[in-house]
Amino acid sequence: MGEKLEEIDVLIIGSGPAGYTAAIYAARADLKPVVIQGMQPGGQLTTTTDVDNYPGYPEGVQGPKMMEDFKAQAERFGTDTRWGVVTKVDFSSRPFKIEVDEKDNLLAKTVIISTGASAKWLGIEDEKRLNGFGVSACATCDGFFYKGKEVVVVGGGDTAAEEATYLAKMCSKVTLLVRKDSMRASKAMQKRVFDTKNLEVLFNHETKSINGEPGPIGVESVTAINNLNNKETIIPASGFFVAIGHTPNTKLFNDYLEMDENGYLIIEAGSSKTKIPGVFAAGDVADHVYRQAITSAGTGCMAALDAERFIADNK
Ligand code: NDP
């Protein structure tokens with residue numbers, strides 16, 4: 001005889017703003033949601049410092065503190081938050097079968113996927129050493145702290161073009177390092193880049209080192225290398241922004257769900273519905289355009305309401 005598996009109404013995979021907002025709504029609807037926190041409990045915001053653009057915090061808030069608040073609010077209404085990583089899903093029939101940490105199996109009437117996306121990094125040691133001390137992968141999150149200062153951005157796609165032009169509005173100078181002799185960004189975005197006076201593009205340039213000290217000093221300069229002639233240039237900078245793309249955390253769902261060419265989940269416009277009834281997606285995992293805590297929270301709310309309606313309709 002097989003063991004009896006635990007059955008859950010709403011299983012939420014991932015614990016960023018989307019996951020916890022879904023949990024708050026589902027818990028208040030008495031659906032006793034379970035959140036499986038994943039590899040990075042609290043999500044991407046736990047790696048940032050000040051968050052100044054989330055409504056409701058007039059003085060700003062530290063990213064990790066904000067995620068503790070999200071969690072506490074979800075738990076106040078009975079959310080069951082669990083350590084663990086979902087290692088396998090079976091969406092072939094309902095209730096869905098979810099494996100956690102390669103051992104525990106759960107059954108879920110509905111699943112909300114809020115596994116987020118992870119910024120890609122160059123992979124050099126200085127990035128880790130100075131992360132949070134001038135090194136960032138999110139201009140809209142951290143750009144404000146470099147008002148009037150010089151910064152370097154790396155990348156040649158739409159993200160880099162967008163981040164560089166965004167930063168140019170507040171920084172005294174932005175240097176964009178593009179490793180090829182051309183940018184991959186759309187023509188319209190490139191035009192914005194080239195039309196921005198305080199934004200200099202260095203083609204065929206890569207990052208050799210980010211110079212500075214963790215702590216109050218932070219990033220002081222960036223050593224770039226021309227990959228055609230190996231000539232090095234030291235660029236004064238207080239901020240270093242990596243903008244070489246994001247990887248959505250969707251590998252787990254390859255066999256079941258539709259994704260775009262970059263791996264982001266495809267959902268029905270204006271809802272959180274994937275093509276499998278009862279499986280919903282919220283947050284960055286299905287959004288490569290906005291990628292903000294507030295937009296993630298909004299779609300988390302949508303997913304919980306969609307799950308609630310689905311359960312009511314499928315009693
Ligand atoms: P992309 O994959 O389009 O571009 C990544 C860029 O980073 C490329 O120029 C690539 O260089 C460069 N790069 C990658 N690795 C390194 C490295 N190790 N060192 C230096 N440079 C590196 O990612 P994006 O995030 O820019 O865009 C992803 C998708 O999202 C795209 O479809 C884009 O159009 C879309 N997007 C749309 C926006 C909008 O419409 N407003 C805004 C942002 C993104 P190389 O070209 O040499 O490979």
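A disulfide here is a pair of cysteine sulfur atoms within 2.5 Å. Select C138 and C141 to see one, with an S to S distance of 2.0 Å. Turn the view to look along the S-S bond: the link of C138 and C141 is right-handed, with 75 degrees about that bond. By this rule the count comes to one disulfide.

A word on ground rules before moving on. This is a predicted model, where local features need pLDDT of at least 70 and side-chain atom pairs count only at pLDDT 80 or more, while totals for chains, interfaces and linings use all residues. Residues are numbered from 1 along each chain as its sequence is written, and side-chain values use heavy atoms, with hydrogens and water left out.

Helices (H or I, at least four residues) and strands (E, at least two) are DSSP runs, numbered from the N terminus.

Zoom in for polar contacts, pairs of N or O atoms within 3.5 Å.

- T159: a polar side-chain atom lies 2.4 Å from a ligand oxygen.
- E162: a polar side-chain atom lies 3.0 Å from a ligand nitrogen.
- K180: a side-chain N or O atom is 3.2 Å from a ligand oxygen.

Protein covers 75% of the 910 Å² of accessible area that the ligand has on its own (Shrake-Rupley, 1.4 Å probe).

Two backbone stops remain. Select R94 and P95, joined by a cis peptide bond with omega of about -10 degrees; P95 is in the loop between β6 (86-90) and β7 (96-100). Finish at D30, whose phi is near 65 degrees, in the loop between α1 (17-28) and β2 (34-36).

Key
Polar contact = N/O pair within 3.5 Å; in protein donor to acceptor, adjacent residues only side chain to side chain.
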